[in-house]
Amino acid sequence: MAITSGQITVGTSAVQIDGCSNNPSRLHIHNNDNTNDLFLGDQTVTISNGLRLPKLDSIELVLNPAESLYAISAGGSHAVSWLRQTMN
């Protein structure tokens, strides 16, 4: 198993969290922002149709090979941390 991690800045346009993997993986996302909620989904995610991740909350998702996760925020410069555990 390989583990990778990082941080990204999310704004009012959908941003891919961590590329995509050729293997199944667990992706842990933490909303570092103490003011705004984060919204998760596919490349068409909006603040109206995304899964809401409240401020300072975390979620873990299992992604199939070639699946990608995107995020968007109602505010700009929104800090998000992620950790991916790739399963072989």
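In what order do the four strands of the open sheet stand? The order is S1-S8-S3-S6, and the pairing is antiparallel.

This is a predicted model, in which local features need pLDDT of at least 70, side-chain atom pairs count only at pLDDT 80 or more, and totals for chains, interfaces and linings use all residues. Residues are numbered from 1 along each chain as its sequence is written, and side-chain values use heavy atoms, with hydrogens and water left out.

Strands are DSSP runs (E, at least two residues), numbered from the N terminus. Two strands pair if DSSP finds at least two bridges between them. Strands of a sheet pair through backbone hydrogen bonds, either parallel or antiparallel.

In the four-stranded sheet, strands S1 (2–10) and S6 (58–63) are at the edges; each has a single partner strand, so one side of each lacks a neighbour in the sheet. From one strand to the next, the twist averages 20°, an angle between N-to-C directions of axes fitted to C-alpha atoms, on a scale from 0 to 180 degrees.

| Strand | Partner | Bridges |
|---|---|---|
| S3 (residues 25–31) | S8 (residues 78–86) | seven bridges |
| S2 (residues 15–16) | S7 | two bridges |
| S4 (residues 38–41) | S7 | four bridges |

Isoleucine 29 has tryptophan 82 in S8 as its bridge partner. In S7, tyrosine 70 stands opposite glutamine 16, and serine 73 is the bridge partner of leucine 38.

Strand S7 (residues 70–73) is covered on both faces: Tyr70 and Ile72 on one side, and Ala71 and Ser73 on the other, are all buried. Buried means under 20% relative accessible area, with a 1.4 Å probe and protein chains only.

Terms used. Buried < 20%, exposed > 50% of the residue type's maximum accessible area, 1.4 Å probe, protein only.
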